[in-house]
Amino acid sequence: LGACASDAGETPAPGDDNTAAPAPTEETLQVAFISFAVANTYDEPMLAEIQRVAAENNIEITVFDGNLDPNLQVTLIQDVIASGQYDGLITQPVFGPALVDVVQQALDAGLTVVNVDQILGDDFTTGATQVDGLAANVVFVPSEIGTKFGEQAVAACASANLDPCNVAFLHDVKASAIGVALYDGFTSVIEGTPVTIVAEGETFYNPAAAQGAVADILSANPDIDLIATSDQGLQGAVLAIEAAGRSLSDFLMIGYGGSAWGKERVSEGVVFSNVVQAPATEGRLAMEAMVDALRNGVNQGDVDPFADFPNNGVMTRDTADQFTGEWAG
C-alpha cells in the first residue's frame, strides 16, 4: 500500500496515457471592421454578430465608423494598413468603387479581407466578387432589391385597382450607388404599368428627415396613393400622415429592410409588403468566413445570405410570420 501511494505521487513520464497535455491556446487575432455608419440601427445587429463570433474564436474587433462617407472609409483603411496591427479587415462600403484600390492595397499588405453587406466594386447588379483575393463576399444586390420593390409596388396598386397609381418614392441617399441601382431596378419594373412616380424625396435613413420629406410631398401632392421607401423612411411617413390628420388606410405603403418594425406593420396590414434584408445574418456569415480564413486558411468566396429565405425574401401579411426582423428599424 505504501508503494502504491508513493507511485501515485510521482510525476508521470511524458507520453503516459493517464496524463492529458494542456490544450494549446490560440493566438489572439486582431480584425478591423470598417462600418457603413455605426449610428445606423441597421448596422447594430450586424456588428453584434461580428463581435459575438469573434469573441468565440479569440479574435478582437476594432470598429471604425465610416459615417456614410466613402472618403473617410478610404482614410480609415489606409490607417489600418499603416498600423501593421491587424490580421484581418472587414469592409462594409458606403460607395463600393471608392474602396477597390485601397482594399487591393490591404490585400497586398497581407491582410485577410472579407466584404459584407454592400457591393465592393462598380457593378451593382451582381453579388459576385469584384476584387480578386477576398476571403469572402457576403452581400445583397441593390438591383435585385429594387426589382422586388418595383414588383411589390405593382402588386399593391393592383390590389386596390388603382389606375393610375400615384407614387411618392423616397430615396435614402439619392446620389449613392446603391440608391441609383435600387431606383433603376424599381423604375424598370413599373415601366408600362399604372404605377407612376409623381414625387420624390430623400430620407438619409433617418425617420425625422423622412417625416419632413413626406410632409412636403403630401402638401404639394394630396393625391398620393402609395409611398415607397426604406423602413426608416416609412416610420417618418407614418408620422407625417398622422400629423397631417389623415388616415394611414388612405395610403398604400411598401418598404424594404425587413426590420422588426416593418414586420409588425406588415402583419397589421398597415404596410402592404416589405423586401427583406438581413444584417445579423450577414454579420454572422462574414465573421464565420473571417475565422475560417484566419484559422484554417480557407476562403469561402461568394456567400448568398438570402439563399434560404422564404417567399423570395418578400414579407407579406400572409408570410410575415415566416420571417425574423433582424434589426429594430
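Mentor: Let's begin with an idea: a cavity is a set of points, on a 1 Å grid over the protein atoms alone, where a 1.4 Å probe fits but cannot get out, and its lining residues have an atom within 4 Å of a point. The model above is predicted, so local features need pLDDT of at least 70 and side-chain atom pairs 80 or more, while totals for chains, interfaces and linings use all residues. Residues are numbered from 1 along each chain as its sequence is written, and side-chain values use heavy atoms, with hydrogens and water left out.

Trainee: How many cavities of 30 Å³ or more does a search of the whole structure find?

Mentor: The search finds four. A volume here is the space filled by probe spheres set on the points, which are joined across faces, edges and corners. For the largest cavity, the volume is about 130 Å³.

Trainee: Which residues lie nearest the centre of the largest cavity?

Mentor: Look for N40, Y42, Q118, Y205 and Q277, which belong to a lining of 17 residues. At least two residues of that lining come from α8 (231-243), and at least two from β9 (252-257). These names are DSSP runs numbered from the N terminus: helices (H or I) have at least four residues and strands (E) at least two.

Trainee: And what is the lining of the largest cavity like by class?

Mentor: Seven of its residues are nonpolar, seven are polar and three are charged. Nonpolar covers Ala, Val, Leu, Ile, Met, Phe, Trp, Tyr, Cys and Pro; charged covers Asp, Glu, Lys and Arg; the others, Gly among them, are polar.

Trainee: What is the volume of the second largest cavity?

Mentor: About 60 Å³. Its lining includes F169, L170, H171, D172, Y205 and Y256. By class, seven of the second largest cavity's lining residues are nonpolar, three polar and one charged.

Trainee: Now for sheets. In what order do the six strands of the open sheet run?

Mentor: Two strands pair if DSSP finds at least two bridges between them. Here the order is β2-β1-β3-β4-β5-β11, and the pairing is parallel. β2 (59-65) and β11 (301-303) are the edge strands, each pairing on one side only. On average, neighbouring strands are turned by 20° against each other, direction ignored.

Trainee: Where could I check the bridges of β1 to β2?

Mentor: Strand β1 (residues 29-35) is joined to β2 by seven bridges, and L29 has I59 as its bridge partner. Further along, β4 and β5 share four bridges, with D117 partnered by V139. Between β5 and β11 there are three bridges, and V138 stands opposite V303.

Trainee: In β5, are the residues that point either way buried or exposed?

Mentor: Buried means under 20% relative accessible area, exposed over 50%, and partly exposed in between (1.4 Å probe, protein chains only). A136 and V138 point one way and N137 and V139 the other, and all are buried.

Trainee: Which helix lies across β1, β2 and the other strands?

Mentor: Helix α10 (residues 279-296) does, running at about 170° to β4. Such angles go from 0 to 180 degrees between N-to-C directions, with axes fitted to C-alpha atoms. E288 lies in this helix, and E288 counts as partly exposed because its relative accessibility is 33%. Leaving out residues up to four places away in sequence, E288 touches V53 and Q300; contact means heavy atoms within 4.5 Å. As for distance, the C-alpha atoms of E288 and N166 are separated by 44 Å, the two residues being 122 residues apart along the chain.

Definitions and conventions. 1 Å grid on protein atoms, 1.4 Å probe; cavity = no way out; pocket = protein on both sides within 12 Å on 5 of 7 lines; lining within 4 Å.
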